[in-house]
Amino acid sequence: GNGGVPMSVLILVLIFIAALFLILLFTERLKVMLILDTYNSCFKMTLQWFHWLRALIIIENSRPVLTLYFFNMKLYKRILHRGGKNRNKHSLLKLAHPEELIINAYYGFQDPYTTGIACGAVNSALQFIKSASINQVPDFTAEQDYIRLDAKARVNMGAALMNLARSKIY
């Protein structure tokens, strides 16, 4: 031929890269970290796959903003808009099947009675959530009302994408 790389070699290399990506999709877990802090008016969700691919969702001017990073270089940034369809909010959580879910809840209300009621309600709700490790730190001497949630989980992206595809088909 013309001295170039044969097309069959290029196709094999592309198949190998696609297979490697699929294997990584099912073996390397996506790390999900969420911070919700009413005291500092902060919402931050970080999704990280390996150390070099990261998505960050924060609230700017009362709107959710998505920023994508590749090796800490900003690739993409845009305001997220709500979808037209009213999707069930729990469906995405069910599809993702988070593993190693750890939630730290810090909260306090000016009225210690309200804090006590919240503490009892959280303890009651914990009986229905078996798959998560939940630590709560009620503050009975809070000078102002606040809630801070720090949550971490891992998600098998391959399984989550398959569940999403199944949910679209059925």
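**Entry 1: Glu28**

I began with Glu28, which counts as partly exposed at 27% relative accessibility (buried is under 20% relative accessible area, exposed over 50%, partly exposed in between, with a 1.4 Å probe and protein chains only). I found Glu28 in the loop between α1 (7-27) and β1 (30-37); helices (H or I, at least four residues) and strands (E, at least two) are DSSP runs, numbered from the N terminus. Not counting residues up to four places away in sequence, Glu28 touches Trp49 and Phe50 (contact means heavy atoms within 4.5 Å).

**Entry 2: what I am looking at**

I noted that this is a predicted model, where local features need pLDDT of at least 70, side-chain atom pairs count only at pLDDT 80 or more, and totals for chains, interfaces and linings use all residues. Residues are numbered from 1 along each chain as its sequence is written, and side-chain values use heavy atoms, with hydrogens and water left out. I looked up the mean pLDDT of the protein and got 87 (pLDDT is the predictor's confidence in each residue, from 0 to 100). Confidence is lowest in helix α2 (residues 89-96), at a mean of 65, and highest in β1, at 95.

**Entry 3: salt bridges**

How many salt bridges does the structure hold? I read off five (a side-chain nitrogen of Lys or Arg within 4 Å of a carboxyl oxygen of Asp or Glu). In one of them, Glu99 meets Arg29 at 2.8 Å, N to O. That pair links distant parts of the chain, with Glu99 in strand β6 (residues 99-108) and Arg29 in the loop between α1 and β1, 70 residues apart. I also checked Glu100 and Arg154, whose closest N and O atoms are 3.2 Å apart. Here Glu100 is exposed at 55%, while Arg154 is partly exposed at 27%.

**Entry 4: the inside**

Which residues form the largest nonpolar core? I listed seven: Leu25, Leu30, Val32, Trp49, Ala96, Val155 and Ala160 (a core is a set of buried Ala, Val, Leu, Ile, Met, Phe, Trp, Tyr and Cys residues joined through side-chain atoms within 4.5 Å). Apart from it lies another core of five residues, among them Tyr107 and Phe109.

Is Thr115 buried or exposed? I found Thr115 buried, because its relative accessible area is 0%. Thr115 lies in helix α3 (residues 112-126). Leaving aside neighbours within four places in sequence, its contacts include Tyr107, Phe109 and Pro138.
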